[in-house]
Amino acid sequence: MGGATRGFGIDIGGSGIKGCLVDLEAGSLDGERLRIPTPQPSGPEAVAEVVAEITTAFKWEGPVGVTLPCVISDGIARSAANVDKAWIGTDARSLFARRLDRSVDDIVVLNDADAAGTGEMTFGAGADRQGLVVVLTFGTGIGSAMFLNGRLVPNTEFGHLEVDGHDAEKKAAASVKDDEELSYEEWAKRVDRYIHALEKVIWPDLIIAGGGVSKKASRWLPLLNARTPIVAAHLKNDAGIVGAASAAWNHA
């Protein structure tokens, strides 16, 4: 399996599928990741083919962690965001096990935000943090992952909270900032409104802000006026791969 400290994770997104070996002691990618464009249409069989291609390229034979932009329950996709609706109802864990010629016990499939959150809680900004921690990923939409005393509460969908009559991510996702050419000040006001709405229904001890926009956290985090302490994610866009690999290793 290439050493007791290595794992393997694959992060499936709407535009790209990324995979890499992971150093499970350092919590970082072990080498260069491989990215292949997501097939269009992005149905289960076509995506599984790419997952197999990436796994084979690394000659990896151990447990594999895979993220999907879906609610995942017992390995089955229950929703589909930015991937083909044919995923809904698909036993993704069995599909990947069959395509990779693995036992289902060697495959872990989890929601993409839950994977990113797992990476941050294990190796990043949430390491050793107790209490209620929420990881928010600002990208095409707003993904969320919630942890109580370090344990994942799976499949939260806080990006879909209704704020001012709108789905929150339709107004406050990072993609909206780009699409509407908002300044950081203008966008931060929307993020602030969203976080205040979130704080009305849960009382986190810490919020970790992730996604690609976390690279510029100094430009917008200081503009927020939330009750909850908010810090930037450490693993940035590698969090999904790292979290998936960690989850698969722990499961195995």
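The following legends describe close-up views of a predicted model.

Local features require pLDDT of at least 70 and side-chain atom pairs pLDDT 80 or more, while totals for chains, interfaces and linings use all residues. Residues are numbered from 1 along each chain as its sequence is written, and side-chain values use heavy atoms, without hydrogens and water.

**View A. Aromatic pair of Phe8 and Trp60.** The structure holds six aromatic pairs (Phe, Tyr or six-membered Trp rings with centres within 6.5 Å; stacked if the planes are under 30 degrees apart, edge-to-face if over 60, tilted otherwise). The ring centres of Phe8 and Trp60 are 6.0 Å apart and their planes lie at 20°, so this pair is stacked. Phe8, Phe58 and Trp60 form one aromatic cluster.

**View B. Aromatic pair of Trp187 and Trp220.** The pair is edge-to-face, with 4.8 Å between centres and 65° between planes. Relative accessibility is 0% for Trp187 and 1% for Trp220.

**View C. Charged groups over the rings of Tyr184 and Trp203.** Lys177 lies over the face of Tyr184, 4.1 Å from the ring centre (criterion: NZ of Lys or CZ of Arg within 6 Å of the centre and within 35 degrees of the ring normal). The charged end of Arg227 sits over the ring of Trp203, at 3.4 Å from its centre.

Conventions:
Buried means under 20% relative accessible area, exposed over 50%, partly exposed in between (1.4 Å probe, protein chains only).
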